[in-house]
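This report covers selected features of a predicted model.

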Amino acid sequence: MSDINMQKEKNISNINNDSSEKRGTARIGNIVLITHWLDGDVIPFIRIGKELKKRGHEVTLITHCYFESMAKKAGLQFEAWDTKEEYEALVEDMSITQKRDSNNEGVLLLMDRYSEFHQKYEGKEIRLREYEKVKKYCQKENTVILCKNRSSIAAYMVAEELHLPLASVMMNPTEVISILSYEKLFEQKDVPELNDIRKSIGLKPIQTWLQWESSPKMTIALWPKWYDDNLEEWPSKIDMVGFPLENGKEAFNRQIPEEFALCLGQMIILQRIGIVRKCMRQIKDIKNYIFMKVIYYQLYLLLVEQQN
């Protein structure tokens with residue numbers, strides 16, 4: 001992995017190392033990685049886990065069963081959220097809710113089907129089952145939890161209950177906007193549901209979704225600063241550590257310098273994304289907010305196409 005990407009594993013390793021350094025000894029951690037959904041949400045965690053394993057840490061990945069062989073090949077312990085049949089159903093449902101066409105009907109469909117999808121894959125029973133699985137792997141000394149943002153409710157609750165260091169991961173810049181818009185759209189409905197789950201395990205209620213989502217000791221962004229450093233909407237500090245590239249796995253084995261971005265036709269797109277982000281901060285009407293979010297996402301996809 002590139003030097004800039006190595007830094008994120010070093011940061012994670014050191015998140016709970018202060019007392020060890022004072023004693024002059026290295027602290028071996030029990031690192032629990034937690035994520036959901038598809039390849040782009042899981043493979044970066046496997047790569048991070050692989051590097052942490054090389055440094056002598058015990059590493060467990062908790063995610064969907066589909067990724068078990070990949071995780072074990074990387075030397076990680078593994079726990080599955082689901083069965084093969086359950087994951088296939090999830091992929092099918094996600095393909096329906098995330099399908100987009102030129103009229104953005106996919107976004108409207110996603111809004112219409114949100115409640116059904118949420119109850120099926122993010123309901124109270126699911127979250128409590130995930131909570132028990134995560135808690136089982138967090139009993140050892142020097143445990144650190146690293147999780148994907150928003151979907152990793154179980155990780156947040158276990159870290160809070162057991163007073164463990166918690167770091168969250170942003171996979172791409174659109175996730176910042178996604179979480180901000182999620183709060184606008186669903187907070188009134190989801191905060192009471194979340195507090196009901198919290199109450200069942202003895203945790204106090206939260207006031208706002210965003211406050212809780214931005215509470216981890218460390219938030220890691222898996223992109224370099226040149227890609228997008230306009231993160232002032234987020235209420236806490238975000239450390240941009242670079243793309244999670246692995247030698248031999250990608251066509252781009254190093255970070256793309258900013259001075260070459262224009263040659264790839266990316267700077268114009270990046271500037272447009274910046275303009276869209278600034279516009280979104282001024283938007284109060286929820287329909288317009290969703291519309292601008294769609295534009296931002298489309299520009300992001302265009303940028304990815306330019307890179308590939």
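## Positive phi in loops

Arg-150 sits in the loop that runs between S4 and H8. Its phi is near 60°, which is a positive value in a residue other than glycine. Arg-150 is also buried, since its relative accessible area is 17% and the cut-off for buried is under 20%.

Trp-37 is another such case: its phi is near 85°, again positive in a residue other than glycine. The loop holding Trp-37 lies between S1 and helix H3 (39-54). With a relative accessible area of 10%, Trp-37 is buried. A further positive phi, near 55°, belongs to His-163, which follows H8. As background, most residues other than glycine have a negative phi.

How many of the 10 residues of H8 are buried? The count is 7, so H8 is largely enclosed by the rest of the structure. The buried residues are Ile-153, Ala-154, Ala-155, Tyr-156, Met-157, Val-158 and Ala-159. The elements covering them include the strands S1, S4 and S5 and the helices H7, H9 and H10.

In soluble globular proteins, nonpolar side chains tend to be buried together. In this model the largest nonpolar core has 45 residues, and the members touching the most other members are Ile-34, Val-134, Ile-145, Met-157, Val-176 and Trp-223. At least two residues of this core come from each of strand S1 (30-34), helix H7 (124-136), strand S4 (143-148), helix H8 (153-162), strand S5 (166-170), helix H9 (174-200) and helix H10 (209-213). The largest contribution, 8 residues, is that of H9. Another core, of 31 residues, lies apart from this one; Val-42, Phe-45, Leu-222 and Val-241 are among its members.

Neighbours within four places in sequence aside, Ile-145 is in contact with Val-32, Ile-34, Cys-138, Ala-155, Val-158, Ala-159, Leu-164, Pro-165, Leu-166 and Ala-167.

## The H7 and H9 pair

Two packed helices are described by the angle between their axes and the distance between the axes. For H7 and H9, the axes come within 10 Å and cross at roughly 45°. H7 and H9 are therefore oblique to each other. The crossing in which H7 passes H9 is right-handed.

Which residues meet where H7 and H9 are in contact? On the H7 side they are Lys-124, Arg-127 and Leu-128, and on the H9 side Asp-196, Ile-197 and Ser-200. By class, the residues of this contact comprise 2 nonpolar, 1 polar and 3 charged.

## Met-70 in helix H4

Met-70 belongs to helix H4, which spans residues 68-73. Is Met-70 buried, partly exposed or exposed? Its relative accessible area is 33%, so Met-70 is partly exposed.

Ile-46 is 24 residues away from Met-70 along the chain, and the C-alpha atoms of the two are separated by 7.8 Å.

Note on methods: Residues are numbered from 1 along each chain as its sequence is written. This is a predicted model: local features need pLDDT of at least 70, side-chain atom pairs count only at pLDDT 80 or more; totals for chains, interfaces and linings use all residues. Side-chain values use heavy atoms; hydrogens and water are left out. A nonpolar core is a set of buried Ala, Val, Leu, Ile, Met, Phe, Trp, Tyr and Cys residues joined through side-chain atoms within 4.5 Å. Buried means under 20% relative accessible area, exposed over 50%, partly exposed in between (1.4 Å probe, protein chains only). Helices (H or I, at least four residues) and strands (E, at least two) are DSSP runs, numbered from the N terminus. Contact means heavy atoms within 4.5 Å. Axes are lines fitted to C-alpha atoms, for helices over the stretch in contact, and angles run from 0 to 180 degrees between N-to-C directions. Angles under 35 degrees count as roughly parallel, over 145 as roughly antiparallel, 65 to 115 as roughly perpendicular and the rest as oblique. A crossing is left-handed if the near helix is turned anticlockwise from the far one by less than a right angle, and right-handed if clockwise. Ala, Val, Leu, Ile, Met, Phe, Trp, Tyr, Cys and Pro count as nonpolar, Asp, Glu, Lys and Arg as charged, and the others, Gly among them, as polar.
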